[in-house]
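Please look over the structure below, and then follow the account through its parts in turn.

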Amino acid sequence: MADILGVVFRRFASGTITSNVIFPSHLEGNTLVLGDVNTPFQSLPVSLRASIPGLKLESLKNAKFVYVKTLEELVEDVASLHELASEAASPPSLIIVDGLDLYLHGSRVGPLQDDLSPVAHVAALLHDTAAFLTQILQNRADGQGLCRVMVSFQSESEGSRDSEALAPELLLSVLDRYLQVRCTLEEVKGNGEAGLNKWQVYLSAMCPSRVEQWHMLLQAGGALEFSPVIEGERQILEQPDKCKKENKRYGDG
Amino acid sequence: LRFVFGSCALQALDLVDQRSVTCVSSPSGRKAFQVLGGSGRLYTLFTSCHYCPCPAFSFSVLRRNESLMCKHLLAACLSQTMGLCQQEQVSDQQMTHILSGQTEAST
């Protein structure tokens with residue numbers, strides 16, 4: 001997933017939009033997006049609409065949006081994806097789970113509220129499902145094709161921390177076991193500019209170990225701009241102020 | 001084995017001897033392992049990564065990071081390597097239930 005994110009960041013880099021950035025052909029395919037039923041996708045991101053005029057959410061024919069209420073429903077939907085192997089339609093090459101933290105908070109019942117098994121189960125299931133679908137895609141495409149997983153997880157929000165909740169880093173450490181790349185977004189406090197939100201973006205891969213840093217600027221209208229952090233500036237950013245942290249984890253199937 | 005995996009090595013070998021590991025497969029080609037624990041509970045494991053729903057895995061492996069795997073995972077690895085897994089065919093719908101953790105011990 002680090003290669004896909006790198007393309008996305010360069011695509012929407014500050015300055016002129018580079019329309020000649022092309023996604024590798026092996027990344028084409030169907031996408032399955034699993035999200036919270038209370039926050040369905042209403043429209044495409046502003047930056048994407050600006051770069052492709054006339055593009056609408058309905059135009060994403062290769063993307064299937066599924067809204068689930070509970071962790072159990074999410075797990076069952078992912079567990080059933082192997083049933084697509086026998087169908088003529090191509091299985092998804094990208095599985096996105098949006099807001100995994102919401103499903104985990106809602107699943108804590110009974111005495112074992114500190115059990116890490118639910119988060120490990122869903123992460124391992126996603127990993128195993130992606131591995132299986134990769135085999136299917138490769139069998140159909142003469143050895144090419146890959147199914148990838150993307151999960152978003154908001155680890156902290158002001159004023160809403162449950163005293164009985166598991167520490168976010170503990171949950172993220174479990175996700176680290178099954179998803180190989182972590183993209184961390186940290187909001188920078190005290191920007192000084194009205195209508196602009198600045199974020200630090202850290203893209204870290206486990207194997208081989210590497211870290212890339214980017215600045216992300218969110219403008220009042222919703223447009224996004226990315227710019228890479230140069231080597232000298234990277235040292236200054238070693239201890240950023242942490243206001244709000246959101247993590248995205250990615251794994252290659 | 002005992003040096004690397006500690007006390008769960010002997011427990012895992014007991015499970016292997018008892019032929020407690022079953023490789024479950026469905027027409028779609030999806031596979032999973034099911035291990036019958038000493039308490040009679042059936043644990044479902046994945047074939048591509050380490051996960052077990054047992055308390056020992058959750059505590060010793062995930063939370064404390066003290067162990068590489070639990071006895072069920074080790075038993076599945078050993079059984080697979082030694083060719084001692086039982087085989088079982090299920091429907092695709094049954095496989096969905098198994099993977100989602102809805103299936104308990106069978107009699």
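In helix 3 of chain B (residues 55-63), the buried residues are B:Phe57, B:Ser58, B:Ser60, B:Val61 and B:Leu62, where buried stands for under 20% relative accessible area, exposed for over 50% and partly exposed for what lies in between, with a 1.4 Å probe and protein chains only. Helices here are DSSP runs of H or I with at least four residues, strands are runs of E with at least two, and both are numbered from the N terminus. The cover over these buried residues includes helix 5 (117-140) and helix 6 (168-178) of chain A, together with helix 4 (71-82) of chain B. After helix 3 of chain B comes B:Asn65, which has a positive phi, near 55°.

This is a predicted model, in which local features need pLDDT of at least 70 and side-chain atom pairs count only at pLDDT 80 or more, whereas totals for chains, interfaces and linings use all residues. Side-chain values use heavy atoms, with hydrogens and water left out, residues are numbered from 1 along each chain as its sequence is written, and chains are lettered from A and ligands numbered from 1 in the order in which they are written. For chain B the average pLDDT, the predictor's confidence in each residue from 0 to 100, is 91, and 95% of the residues score at least 70. The complex as a whole receives an ipTM of 0.93 and a pTM of 0.80 from the predictor.

Where the chains meet, 27 residues of chain B and 26 residues of chain A take part in the contact, which means heavy atoms within 4.5 Å. B:Arg30, B:Leu62 and B:Arg63 supply 31% of the area that chain B buries against chain A, more than any other three residues; buried area is the accessible area (1.4 Å probe) that two parts lose on being put together, summed over both. One salt bridge is found across this interface, the term requiring a side-chain nitrogen of Lys or Arg within 4 Å of a carboxyl oxygen of Asp or Glu. A:Asp128 forms a salt bridge with B:Arg30, with 2.9 Å between the closest N and O atoms.

Within chain A, strand 3 (residues 92-97) has five of its six residues buried, so it is largely enclosed by the rest of the structure. A:Tyr103, placed in helix 4 (residues 100-105) of chain A, is buried as well, with a relative accessible area of 4%.
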